[in-house]
Amino acid sequence: MRPSDSRAILPEPSEELKCLSAALSARIEEKIRLGGPMPFSDYMETVLYEPGLGYYSAGLEKFGAGGDFVTAPQLGDVFARCLANQVAQAGELPGGYEIVESGAGTGALAADLLKTLEPQCPPLRYSILERSAHLRQVQKETLAQAVPDWMDRIRWLDTPPEQGWQGVFLANEVLDALAVERFCIFENGARRLLVDSGPDGFDWRAQPFPRPMQQRLDAVLEDFRSSLPVGYRSEINLYLPEWLEAVTASLTRGVALFIDYGYPRREYYLPGRSDGTLICHYRHRAHGDPFKWPGLTDLSASVDFTALAEAASQCGLDVSGYTTQTMFLLGCGLEDIIAGHQSLPDAQLLSKNNEVRRLTLPGEMGERFQVMALGRDLDTELRGFSLSDLRRRL
Ligand SMILES: C[S@@+](CC[C@H](N)C(=O)[O-])C[C@H]1O[C@@H](n2cnc3c(N)ncnc32)[C@H](O)[C@@H]1O
């Protein structure tokens, strides 16, 4: 669970970790020395994925109590069991179905989904599209232990599947980790914020966007531009349509489910959200300085769900559903799952109740996390969206 108000004094990393971060900073400084100020998207990409040094590549613990943040599948199996009900319904296709999961973290969601789906409607195959070599290893260990009989039907992919497949594409908290551009509103328009290096470390440098990017930004901000004050800063993912096209091109029939924190566009670019949605996490503390301890700190930005819907239409996908995480989980049978907990011993019941609270309370993950389903050749009303339809807000 990442968006958080826990802005607090950050614990000091060990000397070893500081050295790792300094090595990554030196590499970024060298890139800037050679190529000039770096687009923020390149900076974000580097601090998250630079081989051996980036946040997702360096092999440090990220998820859970010993890491920096907790995601829904880390809390327990309730999220996966609800999602399994949606997957089972969407997977009712002649000839069977497959699951492709992008960015599988520790593999917890895959393990709990397969355990839940196994008895009644198992997928033909489970593919994981994961760019972190370290996390792939963690996922292999998790799955070998949790679902050993599945290992010959699980595969790891470097690139999206090329051959046509039908079924369900899943991405929980992946869109927020994709590199975004930052911009700032000036008197004469929006300018791109780049990362420069100076005697006191990294700093922002404003430059005009290249023309095609400027046109895309102008189109996105068209309805809001006049309400955004000078000095307003925010983010935009200009690469989302290409990414979505790449990951869904071979989906011949089925649904892509995206669960993430974010807003429809008119809430994303609110005048009051004057420093954007970029958020950094270190040891369960949230802060707003993306230049603090590069490589040790998670960096993410909220998702503009209107942009996802627009990208979907460019890819020939239909927006089959959009709602909050709470309403999605309820539509997927959360109440039955809760009822099943009542026979548990007190300590386990307490822990399950706590898990459900964190998944559903508005101030926790319930409303800030939203779910969007993008369908292709789908003739089913998806149960996760049967209780609430927020598509009109897009
Ligand atoms: C915040 S974690 C979420 C992990 C997991 N889905 C969960 O809910 O616990 C983001 C994950 O997305 C992966 N990731 C980020 N960008 C990716 C991309 N372009 N393709 C595939 N995986 C990506 C990261 O390596 C990581 O596994």
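Start by selecting helix α8 (residues 240-248) and helix α10 (residues 305-314): their axes come within 9 Å and cross at roughly 55°. That makes α8 oblique to α10 (under 35 degrees would be roughly parallel, over 145 roughly antiparallel, 65 to 115 roughly perpendicular, and the rest is oblique). Axes here are lines fitted to C-alpha atoms over the stretch in contact, with angles from 0 to 180 degrees between N-to-C directions. Helices are DSSP runs of H or I with at least four residues, and strands are runs of E with at least two, numbered from the N terminus.

Before going on, remember that this is a predicted model, where local features need pLDDT of at least 70, side-chain atom pairs count only at pLDDT 80 or more, and totals for chains, interfaces and linings use all residues. Residues are numbered from 1 along each chain as its sequence is written, and side-chain values use heavy atoms, leaving out hydrogens and water.

From α8, pick Leu 240, Pro 241 and Leu 244; from α10, pick Ala 307, Leu 308, Ala 311, Ala 312 and Gln 314.

Next stop: rings. The whole structure has 18 aromatic pairs (Phe, Tyr or Trp rings, six-membered for Trp, with centres within 6.5 Å; planes under 30 degrees apart are stacked, over 60 edge-to-face, the rest tilted). Select Phe 183 and Tyr 269: their centres are 6.1 Å apart and their planes at 45°, so the pair is tilted. Phe 183 sits in strand β6, and Tyr 269 in the loop between α9 and β11, 86 residues apart.

Finally, select Phe 40, Tyr 43, Phe 202, Trp 204 and Phe 291, which form one aromatic cluster.

Terms used:
Contact = heavy atoms within 4.5 Å.
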